[in-house]
Amino acid sequence: MATSTFHILAVASNIGLATSAIGSCPVLETTYTGASGATYAICPSTDYEGRTAQVIHNIASEQACAQLCSEKKCTKAVYDNPGKTCHIKDVGKQLTWVPNTRFTVIRTFTGLPDGVNIARCPVEAKKFTAAGNKKAMQICPDTDFRGPSAKVVQGVTTTTACADFCSTTPGCTRAVFDKAANVCHVKADETKNTLIWSTNKKFDVITLDIAARPAKTGAWGDLIQLPVIPVAAYIVPAFPESTRMLVFSSWGADAFGGASGMTQFADYDFKTGALSARTITNTNHDMFCPGISTLQDGRIVIQGGSDAKSVSFYHPSNNTFTRGPDLQIARGYQTSTTLSDGRIFTIGGAYSGPREGKNGEIYDPKTNTWTYLPQTSVKPMLTVDHEGIWREDNHAWLFSWKNGSVFQAGPSKAQNWYGTAGTGSQVAAGKRDDDDAMCGIWVMYEPGKIFSAGGAPDYTASVATARAHITTIDVPNKPARVERVPDMQYPRAFANAVVLPDGTVFVSGGQKKALVFTDTDGALPTELFDPKTRSWTTLAAQAVPRNYHSVSILLHDGTVFSGGGGLCYAGSKGASTAKCDKSVDHADGQVFTPPYLYNSDGSLATRPTISALSATSVKVGGSITATVNSNAVKGTAMLVLVRIGSVTHSVNSAQRRIPLENVVVKGDKYTVTLSGESGILLPGHYYLFAVDARGVPSLAKTVQVVL
Ligand SMILES: *[C@@H]1O[C@H](CO)[C@@H](O)[C@H](O)[C@H]1NC(C)=O
Ligand SMILES: *[C@@H]1O[C@H](CO)[C@@H](O)[C@H](O)[C@H]1NC(C)=O
Ligand SMILES: [Cu+2]
């Protein structure tokens, strides 16, 4: 349990003068019972000071806010009466209940319904000191850890007796007391952590009270409930900061199947907490399982998927979607990538449309057309899958490089170069590994340096690998150099990777054996790879398994959003989802704050800041000046560009990190001359971070790189 949570949200509902904390409602409370069965107490003229996870605008009344809280299975919310906003609070120790006439506090009275996954104890956990050895323990009532028990003891009659037993059992950090059956479960060892914490009135959860060490392991925020399962996500480029994320599923918020002509979206602003849902029908495109890439001008190009020839543009300028020209070949589960010349290359995708021969094609924004490239043969990049071609050309690991070239680093064991001039070309580049690594993770953490790990030989029902590699590329069409690096601590299929501004790679989610639509053996602990030392560090465990259909993406404040998993196959639009296993559908996410944002005592590190930029748009090879204020030694910050990403199915071909060299520092003015190589500095929008000498990143400013 993380006790200290970083946030940039300026939306705590604590406007007005704070007075001393209260322990109960000073006036008579009313109640609201929601459809979920939970009853909420409503206490007027009081506020919870502390972190808000979400703000929903235009909410008419405190009852409507209570209803929203019930729908989101939240335990605490605050209604801002004049502001007409509903604030879903991040529960934990941080909330302070205070009198404040502007607000109304809403809190669960009877507790949540059973089976809701949680990241924190929804009520104040009870402290308990073990009788024998005086170990500090915590008891969170009416909750359970789903997952294997290491030891099961019958005939235990109280929660505290179970806690005492845990305290004297070597290795026991977590136990569950079954109140109905009088059974004490010592849960399996922390390091194999696949336990899912959820509400369940039959049980009490017991944990050893171990202090969180966010400076060592980072920390996870509370679960953010979303109106859709985030199967795909992208950050909307905006100036001066890019803080909005759009996520989407298929025609259903929690279901897919068939070409439906519509897609469910949610729009979340990390800075304000604002959240809204949205159904897109005007492009007649079910965008489930697409390729996603961004153009130089910031438009997001979403191609194929369930409506396999359709293309949608998202326009950040006016927040609308328009229909684009159809693909030449119907595709789903292909990968696309923005090229050094600003075009988009896409290849593979036998999951939708015809099965064979999904060679590449290219979108040119100048002519607004797709052109088939017959010589970009898909054959050399196929994996060998027990389900056949349907799976073998999925999710290529594509990296745009110099002179319009594309390097394909996986998931096939073979690596290839693709050329995009004329009718295209393909040249073998060598072998990465002896096995295919479908749905592995891959990212360019610095120019020409590709980190990859995990995946499984077959798409599903296949044992995952923990193997990791660094592939180095330089001259197009020349063989790549591959280095095997230390394995991950956990084998992971369907995991996610994000390159952080400091050059380390954050890995989360994934399971021991690829098994689509399951939580089975999902690795909850996360880990960080440092390419400099070629070493791994295990980081804080997330609350929910993030396997098939999960995503992770870097946010402008140097934190990482991780969410999703599941989505039910329901045949056709609107079909019943009654037969689905709803326990594996995760319409939620969590934000991870990496260790670099903490001081060693667990307090938040002071960030360097970028207070001004000489321009928001800069040409490849051009110069830009940033005003950087660093609290550490002045003039020693590093400037880093990270391309703003888009992600689905472990595929984020947009993200890449470019540490900036050629920086001239005069006082607080950092003038950088960018690389003239557009194969490194792909056109489009980037986060610009200043990273101080301790490794603490600033909030990122958005910079557009143009040809
Ligand atoms: C939004 O902008 C795009 C691109 O400029 C344009 O094609 C589209 O018509 C605009 N939509 C609206 C509703 O203004
Ligand atoms: C760039 O690619 C084109 C087309 O393949 C080729 O003719 C040209 O020689 C390449 N240029 C460089 C500098 O490699
Ligand atoms: Cu999928």
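What is the handedness of the link of cysteine 162 and cysteine 184, and how many degrees lie about its S-S bond? The link is right-handed, with 80 degrees about the S-S bond. That pair opens my report on the cysteines of this structure.

Please note that this is a predicted model, in which local features need pLDDT of at least 70 and side-chain atom pairs count only at pLDDT 80 or more, while totals for chains, interfaces and linings use all residues. Residues are numbered from 1 along each chain as its sequence is written, chains are lettered from A and ligands numbered from 1 in the order in which they are written, and side-chain values use heavy atoms, with hydrogens and water left out.

I call a pair of cysteine sulfur atoms within 2.5 Å a disulfide. By this rule there are seven disulfides, and I shall discuss three of them.

I return to the opening pair. The sulfur atoms of cysteine 162 and cysteine 184 are 2.1 Å apart. Helices (H or I, at least four residues) and strands (E, at least two) are DSSP runs, numbered from the N terminus. Cysteine 162 is buried, at 0% relative accessibility, and cysteine 184 is also buried at 0%. Here buried means under 20% relative accessible area, exposed over 50%, and partly exposed in between, with a 1.4 Å probe and protein chains only.

The next disulfide joins cysteine 121 and cysteine 140, with 2.0 Å between their sulfur atoms. This link is right-handed, at 90 degrees about the S-S bond. It connects distant parts of the chain: cysteine 121 is in the loop between strand E6 (96-108) and strand E7 (126-129), and cysteine 140 is in strand E8 (residues 136-146), 19 residues apart. Both cysteine 121 and cysteine 140 are buried.

Cysteine 568 belongs to strand E44 (residues 568-569), and cysteine 580 to the loop between E44 and strand E45 (588-593), 12 residues apart. Cysteine 568 is buried at 8% relative accessible area, and cysteine 580 counts as buried at 17%.

Cysteine 439 is in no disulfide. Cysteine 289 is buried at 1% relative accessibility, and cysteine 439 is buried at 3% relative accessible area.
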